[in-house]
Amino acid sequence: MKGNERDKEIEGQRDRVAQHPIPALDPSIPRSLDPFPEAGSPRTAIELSGLSFGYGQRLLFDGFNLDVAAGEFLGVIGPNGAGKSTLLKLMAGLLRPGRGSVRILERELGLIGRAEAARTIGVVLQENPFAFDYTVADVVMMGRNPHLGTFQSPGRHDRQVVTGALKFVDALFLRDERINAISAGERQRVVLARALAQEPQILLLDEATSHLDIAHQQMIAGILVELNRQGRTIVLLSHDLNLAALYCSRILLLDKGRAAACDVPERVITGELIRSVYGVEPIVMRHPETGRPQVLMPTLNSRP
Amino acid sequence: MRSERGVGVPVHGNARVVPSWVGLVLLFVSAAALSVAVGPGGFTGTRLSAVMDLRLLRLALGIIAGGVLGVVGASLQGLLQNPLADPFTMGVASGAALGASLTVVLGRSAGAFAPLGGFAGALATMLVVYALARVRGRVTVTGLVLAGVIMSFLFSSLVMLAMILGRRTLGEAVYMMMGHLGAVFTGTTVWLFGVVAVLSVAGCGWLFSLSRSLDVMSSGEEAAETLGVDTQRVTKLVFVVSSLLVGMVVSFTGAISFIGLVVPHLVRMLFGPAHRNVLPGSFLAGAGVLLLSDVLARNIVPGGLPLSIVTALVGVPFFIYLLRSRL
């Protein structure tokens with residue numbers, strides 16, 4: 001394929017993904033879950049500049065820069081230890097950078113109060129242990145915490161948001177179940193619903209699909225695509241290159257704290273980049289429906 | 001069968017909330033009535049009013065002590081996400097007993113400062129045990145219990161040492177280490193107890209105001225931070241307020257075992273884990289269970305028993321059950 005044809009195809013990518021059918025979602029979702037950006041709202045959702053961070057003596061990130069536009073669906077991929085989870089924790093304010101700044105919706109994250117940050121950024125972490133057996137409804141109601149004052153009880157609006165969030169992830173039927181008694185796929189949806197109950201404009205997800213079967217993976221992906229279509233900014237960390245390639249509008253490939261590439265899937269999921277970062281010889285194909293790149297695992301005797 | 005609830009109806013996850021409250025209040029009232037009605041002095045006679053004065057003070061002390069131990073146990077279990085946390089297993093009660101003994105021994109007029117000494121001992125122990133039990137940012141269940149047991153041994157010995165060096169009776173030392181509600185009140189200490197009672201109720205109210213934060217923290221510190229909870233602030237507050245409460249109470253009653261461990265679990269079985277129910281429920285149930293234990297302790301043997309003998313007989317089997325089933 002010639003260079004400019006290839007570019008044209010890449011440009012047309014977003015349109016085609018928009019046409020790609022996604023699972024139907026309940027249309028009765030309350031409008032409060034619909035954060036279409038207002039006129040004059042910030043155009044950059046997340047801005048990392050000159051970011052340095054390390055554990056102990058060794059710097060993992062050294063002068064790292066990244067801009068995530070409002071409304072973007074960014075995938076972050078990379079080998080184990082590349083710094084994906086650390087990057088997410090820096091974006092969420094769970095870790096403070098040694099140097100450099102993290103700006104959320106054009107405001108310095110360190111200067112935003114914890115509750116306000118939690119109304120802006122929803123986070124789905126990799127592990128979600130629950131020490132006590134709360135009901136699913138109680139767990140999702142925890143997402144309302146940043147909206148409530150110390151002595152304020154959840155009101156009618158909060159319960160509506162919780163119901164709406166549970167409907168959105170198709171888990172309303174679980175609301176009276178105990179959180180430690182439901183399956184991994186159900187639990188992942190409940191934790192996602194808890195993040196939605198925060199009504200965040202930005203959603204950060206760490207391996208949200210990694211323990212799930214193919215149906216649940218597709219379901220979560222459909223929910224994320226729909227949330228993104230509504231205007232939310234989504235950052236998805238994943239080991240699943242194919243999932244990231246199918247649904248993300250841009251992919252950041254991390255390698256030992258450096259951005260090996262950050263571009264549309266066609267320019268990131270390539271044989272050369274995968275080989276140089278992961279050290280495997282992948283077979284890259286096109287998805288028959290969308291034309292997006294998909295990676296097949298090589299057999300053992302074709303190791304480089 | 002699942003009943004269909006309309007949108008907007010509060011879901012507490014447990015339809016037994018109201019009957020559970022009724023049951024707890026009944027337990028509390030009957031324990032209080034028993035505590036007042038039953039005792040070595042009987043319920044008749046010419047000296048009834050003097051006996052009743054003693055019993056009412058005992059009742060008040062029992063309510064405050066049991067309530068505080070229940071609420072503090074529930075708060076610590078929630079905060080540390082640890083089913084075995086409690087003022088006694090963490091060694092905090094023994095630390096408070098040591099602090100209180102030292103103030104008592106150091107000067108007879110220093111008795112009024114015993115609650116402060118208890119607070120200092122409790123807070124110091126809390127910090128040491130927490131530091132020992134925290135491995136890579138997580139307080140492990142076994143680490144906490146091990147550190148707590150070790151500190152308990154140390155402090156019990158030191159209480160004994162302080163009491164002997166201070167020429168106190170062995171009985172006083174035993175009561176300090178194993179708890180009792182028979183505090184001898186004088187004019188000053190009644191007044192002091194009044195202040196402690198008010199502070200205790202206020203402190204429990206303060207912990208109650210952290211209910212939702214404690215709920216959120218049960219899904220881990222990082223998740224709680226992303227949900228808007230300042231986990232460091234909550235941790236510090238719970239530690240300081242708990243130490244204050246336990247320190248003050250122990251300076252009057254000595255170290256009472258297992259109330260703070262068993263009661264919150266029983267209350268969670270009734271209400272589910274939400275702290276808005278568990279904390280006030282633990283106050284009522286803690287007071288009720290402590291008063292019942294006290295009724296047993298002073299009536300089965302002439303002269304009475306230290307409270308921890310009774311609470312341990314109930315608490316240890318429960319502790320073993322938790323250790324076997326929940327970990």
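This briefing describes a predicted model with a chain A and a chain B. Chain A holds eleven helices and twelve strands, while chain B has 13 helices and two strands. The contact between the chains draws on 29 residues of chain A and 24 residues of chain B.

**Chain A overall**

- Of the 304 residues in chain A, 42% count as buried.
- Among the contacts in chain A with a separation of 6 or more, 68% are between residues 24 or more positions apart.

**The six-stranded sheet of chain A**

- Six strands of chain A make an open sheet, in the order S6-S7-S8-S3-S9-S10, with mixed pairing.
- At the edges of this sheet are strand S6 (121–124) and strand S10 (258–263) of chain A, each of which pairs on one side only.
- From one strand to the next, the twist averages 15°.
- S6(A) pairs with strand S7 (residues 202–206) of chain A through four bridges, in the parallel sense.
- Within this pair, Ile121(A) has Ile202(A) of S7(A) as its bridge partner.
- Helix H7 (residues 184–197) of chain A lies across S6 and S7 of chain A, and its direction is at about 170° to S6(A).

**The four-stranded sheet of chain A**

- A second open sheet in chain A has four strands in the order S2-S1-S4-S5, and its pairing is antiparallel.
- Strand S2 (58–69) and strand S5 (107–108) of chain A are at the edges; each has a single partner strand, so one side of each has no neighbour in the sheet.
- Strand S1 (residues 44–55) and strand S4 (residues 99–104) of chain A run antiparallel and are joined by five bridges.
- Helix H3 (residues 84–92) of chain A lies across S1, S2 and S4 of chain A, at about 120° to S1(A).
- Strands of a sheet pair through backbone hydrogen bonds, in either a parallel or an antiparallel sense.

**A hairpin in chain A**

- Strand S11 (residues 283–286) and strand S12 (residues 293–296) of chain A run antiparallel, with four bridges between them.
- In this pair, Met285(A) is opposite Gln294(A) of S12(A).
- S11(A) and S12(A) form a hairpin with six residues between them, and Gly291(A) in the turn has a positive phi of about 80°.

**Chain B overall**

- Chain B has a radius of gyration of 20 Å, which agrees with the value near 20 Å for a compact globule of 327 residues.
- The C-alpha trace of chain B spans about 65 × 45 × 35 Å along its principal axes.
- In chain B, 52% of the 327 residues count as buried.
- Of the contacts in chain B between residues at least 6 apart in sequence, 76% join residues at least 24 apart.

- Helix H5 (residues 141–165) of chain B has 25 residues and should span 36 Å at 1.5 Å a residue; its end C-alpha atoms are 36 Å apart, which agrees.
- The buried residues of H5(B) include Leu144(B), Gly148(B), Met151(B), Phe155(B) and Val159(B).
- An α-helix has 3.6 residues a turn, so residues three or four places apart point the same way.
- After H5(B) comes Arg167(B), with a positive phi near 60°.
- Helix H10 (residues 231–253) of chain B has 23 residues and reaches 32 Å from its first C-alpha to its last, close to the 33 Å expected at 1.5 Å a residue.
- Gly254(B) follows H10(B) and has a positive phi, near 75°.

**A loop residue in chain B**

- Ile300(B) is in the loop between helix H12 (275–299) and helix H13 (307–325) of chain B.
- Ile300(B) counts as exposed because it has 11 C-beta neighbours inside 10 Å, and the cut-off for exposed is 12 or fewer.
- Pro40(B) is 260 residues from Ile300(B) along the chain, and their C-alpha atoms are separated by 9.7 Å.

**Where the chains meet**

- The contact takes 29 residues from chain A and 24 residues from chain B.
- On the side of chain A that touches chain B, the elements giving two or more residues are helix H4 (114–120), helix H5 (136–141) and helix H6 (156–168) of chain A.
- H6(A) gives the largest share of that side, four residues.
- The residues on that side of chain A divide into 15 nonpolar, seven polar and seven charged.

Terms used
Residues numbered from 1 in each chain as written. Chains lettered and ligands numbered in written order. Predicted model: local features only at pLDDT ≥ 70, side-chain atom pairs only at ≥ 80, totals over all residues. Buried ≥ 20, exposed ≤ 12 C-beta atoms within 10 Å, placed from the backbone. Pairing = 2+ DSSP bridges. Axes fitted to C-alpha atoms, helices over the stretch in contact; angles between N-to-C directions. Contact = placed C-beta atoms within 7 Å. Expected span 1.5 Å × (residues − 1). Rg over C-alpha atoms; globule rule 2.2 N^0.38 Å. Nonpolar A, V, L, I, M, F, W, Y, C, P; charged D, E, K, R; others polar.
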